[in-house]
Amino acid sequence: RVLFMKRFILCLAHCGLYSCVEDNGANVKSWPFPLASALCHGGRFLIRLEGVSCRDFLNALLLGDASAWNWDEGGIPEGFYPRRASTHAVHLGRNRALLERRSMMMGSVFTGNHLGMDIPVGGFGNSPPSFGDEQLYLVPAGMPF
């Protein structure tokens, strides 16, 4: 999962981020803030892939090789899990524009299109990287003790 996050951050840094003020708007602008600010507070990323399948993209992020896992034979690779419900979905609108749709859906129960991944990146009670024999923990303000 650490390598997944590293590859994901490199992907975002290389490809760039764009934002839009209005819901599903076409007027996008370059993200004016540091990349780390986009990763905070449980934000969502809508990624548009052109000429790359979503499975190859996820293989590259998770395993470092676009052809490393055969989804048809092996199912969902370890690290991901099917989500039973979701609050957002994506569909193609006019002119192949990606549009976000908000609703309470029964995610992968019917479609198999919603995957989850638990990525522990700190927080209360989670231990940060160890420093030798010392074990540190984080308090609610994010400070180690």
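A nonpolar core is a set of buried Ala, Val, Leu, Ile, Met, Phe, Trp, Tyr and Cys residues joined through side-chain atoms within 4.5 Å. Buried means under 20% relative accessible area, exposed means over 50%, and partly exposed lies in between (1.4 Å probe, protein chains only). The model here is predicted: local features need pLDDT of at least 70, side-chain atom pairs count only at pLDDT 80 or more, and totals for chains, interfaces and linings use all residues. Residues are numbered from 1 along each chain as its sequence is written, and side-chain values use heavy atoms, with hydrogens and water left out.

Start with the fold. The protein chain has five helices and six strands. Both are DSSP runs, numbered from the N terminus: helices are H or I with at least four residues, strands are E with at least two. Along the sequence, the order is α-β-β-α-α-α-β-β-β-α-β. Of the chain's 145 residues, 17% count as buried. Its accessible surface comes to about 11,000 Å², and carbon and sulfur atoms hold 57% of that. These areas come from the Shrake-Rupley method with a 1.4 Å probe; for residues, only the protein chains shown count as cover. A contact means heavy atoms within 4.5 Å. Among contacts between residues at least 6 apart in sequence, 39% join residues at least 24 apart.

Now look inside. The largest nonpolar core has twelve residues: F4, F8, L12, L17, A38, F57, L58, L61, L62, W71, F80 and M117. Helix α3 gives the most, with four residues.

F4 is buried, at 10% relative accessibility. Leaving out residues up to four places away in sequence, F4 touches L61, L62, F80, M117 and I119.

The aromatic rings come next. Rings of Phe, Tyr and Trp (its six-membered ring) pair if their centres lie within 6.5 Å; planes under 30 degrees apart count as stacked, over 60 as edge-to-face and the rest as tilted. The whole structure holds four aromatic pairs. F4 and F80 form an edge-to-face pair, because their ring centres are 6.0 Å apart and their planes stand at 80 degrees. F4 lies in helix α1 and F80 in the loop between α4 and β3, so this pair ties together parts 76 residues apart in sequence. F80 is buried too, with a relative accessible area of 12%. W31 and F33 are also edge-to-face, because their centres lie 5.3 Å apart and their planes are at 75 degrees. W31 is partly exposed, at 30%. F4, F8, W71 and F80 form one aromatic cluster.

Turn to charge. Side chains of opposite charge can pair when their charged atoms come close. A salt bridge needs a side-chain nitrogen of Lys or Arg within 4 Å of a carboxyl oxygen of Asp or Glu. The structure holds one. R55 and D72 form it, at 2.9 Å from N to O. R55 sits in helix α3 and D72 in helix α4, so the bridge ties together parts 17 residues apart in sequence. R55 is partly exposed at 36%, while D72 is exposed at 67%.

Finally, the cysteines. A disulfide is a pair of cysteine sulfur atoms within 2.5 Å. The structure has zero disulfides. The closest cysteine sulfur to that of C15 belongs to C11, 4.2 Å away, too far for a bond. C54 is exposed, at 51% relative accessibility.
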